[in-house]
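Let's take a walk through a protein model together. Keep the picture in view and follow along as we go.

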Amino acid sequence: MRDKPLVDTMDNFQTVLRFFMNQKATIGYSFMAILTIGGERIFSMVSFQCPCNHDQNFAYGLTFLLGPGLVLLVLGLFFSSRLWRLYTGCCLNPIKLCPRGNCFSCLKVFVKIFSGACVAPIMWLCVALLNGTFYECAVSGLDDNLVVDLFCKNKTLMCREELARVPCSKSKLPSDENMELLLMFRAQSQILGWCIIIISAVLGLLGTCYTNCRSKVSYLQLTFWKRYVEKEKEQFDTFAMEYASKLAERNLKSFFENRDPEIFPFPNHKAWEEISALYTFSKSEQYYSTLQRYVERDDRDYSPEKRPVMDLEHGIEMS
């Protein structure tokens with residue numbers, strides 16, 4: 001009976017842990033949003049100093065508004081395992097990009113990869129526009145007559161000349177007119193930010209609805225499929241680490257003991273190629289991954305790699 005409180009505590013802990021594991025995507029996006037807001041505030045307060053002249057305002061403001069977003073987009077693509085899974089080796093074997101000649105499926109995969117990489121840049125752009133600092137600097141440097149007429153309508157000629165200095169509060173305009181222009185800049189920036197948020201949310205909803213509507217499996221089976229893919233990846237990482245350690249130990253023993261290496265069972269190159277392909281669900285082949293499809297094949301090639309080595313024919317090196 002003494003252990004009952006401990007058991008209840010462990011059960012509660014496991015319940016909370018399961019909840020966080022099931023909501024890890026939401027938690028991840030929330031954490032990304034917090035980092036984006038923090039990064040934007042740091043940029044605004046520490047490094048951003050609007051030059052307040054017609055020649056540099058637009059380029060300077062636009063660089064701070066779009067530059068970090070482009071960096072986040074590149075990083076999102078760089079860290080996308082799906083992109084590298086599809087792209088690796090395609091220069092030597094272009095058919096890998098469109099297996100079985102299904103280029104439409106390949107295009108859908110690229111759209112999913114790109115849309116996933118766009119989450120962080122869109123967050124940055126929305127936060128930056130809602131704050132308005134970068135937009136104020138960029139727009140005040142435009143020489144376009146339409147833009148200038150929009151802000152300086154029914155105002156003195158000095159408004160056109162001093163517009164670029166408004167974000168720095170260094171203009172020669174009256175304080176109330178200066179504040180009115182600043183509020184106009186900020187209002188436009190926040191309207192654009194909310195427009196991007198609304199459009200992104202609607203597109204995300206429509207994309208999810210379309211994907212689920214065109215799904216070849218039921219909602220519960222789709223949920224199971226996602227869980228299976230996550231667990232397979234976790235188990236693959238564990239097995240890969242274990243077998244890499246065994247192979248390294250075997251090679252080091254052979255080197256230091258100055259003897260032939262022991263026979264080491266290892267998948268052949270063709271097997272690695274087949275399980276590395278992106279999987280698309282098919283009703284005729286109800287597998288949940290390329291790995292399952294490979295291991296359950298009747299004509300599976302069981303011949304191991306004679307030597308578990310990398311092909312360095314094309315100068316591939318790893319450090």
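Start with Ser-189, which sits in helix 10 (residues 175-213); helices here are DSSP runs of H or I with at least four residues, numbered from the N terminus. This is a predicted model, where local features need pLDDT of at least 70, side-chain atom pairs count only at pLDDT 80 or more, and totals for chains, interfaces and linings use all residues. Residues are numbered from 1 along each chain as its sequence is written, and side-chain values use heavy atoms, leaving out hydrogens and water.

Is Ser-189 buried or exposed? With a relative accessible area of 0%, Ser-189 is buried (under 20%, using a 1.4 Å probe and protein chains only). Leaving aside residues up to four places away in sequence, Ser-189 touches Ala-128, Leu-129, Leu-130, Gly-132 and Tyr-135, where a contact means heavy atoms within 4.5 Å.

Now look at helix 6 (residues 119-131) and helix 7 (residues 133-140): their axes come within 5 Å and cross at roughly 75°. Axes are lines fitted to C-alpha atoms over the stretch in contact, with angles from 0 to 180 degrees between N-to-C directions. The two helices are therefore roughly perpendicular to each other, a label for angles of 65 to 115 degrees. On the helix 6 side, Trp-124, Ala-128, Leu-129 and Asn-131 meet Thr-133, Phe-134 and Tyr-135 of helix 7. Those contact residues divide into five nonpolar, two polar and no charged.

Finally, an unreviewed UniProt entry places "transmembrane region" at residues 27-46, 58-79, 109-130 and 191-210. Residues 109-130 are 95% helix and 0% strand, with end C-alpha atoms 32 Å apart.

Note on methods:
Angles under 35 degrees count as roughly parallel, over 145 as roughly antiparallel, 65 to 115 as roughly perpendicular and the rest as oblique. Ala, Val, Leu, Ile, Met, Phe, Trp, Tyr, Cys and Pro count as nonpolar, Asp, Glu, Lys and Arg as charged, and the others, Gly among them, as polar. UniProt positions are given in the numbering used here, feature names are shortened, and annotations may be inferred rather than shown by experiment. Buried means under 20% relative accessible area, exposed over 50%, partly exposed in between (1.4 Å probe, protein chains only).
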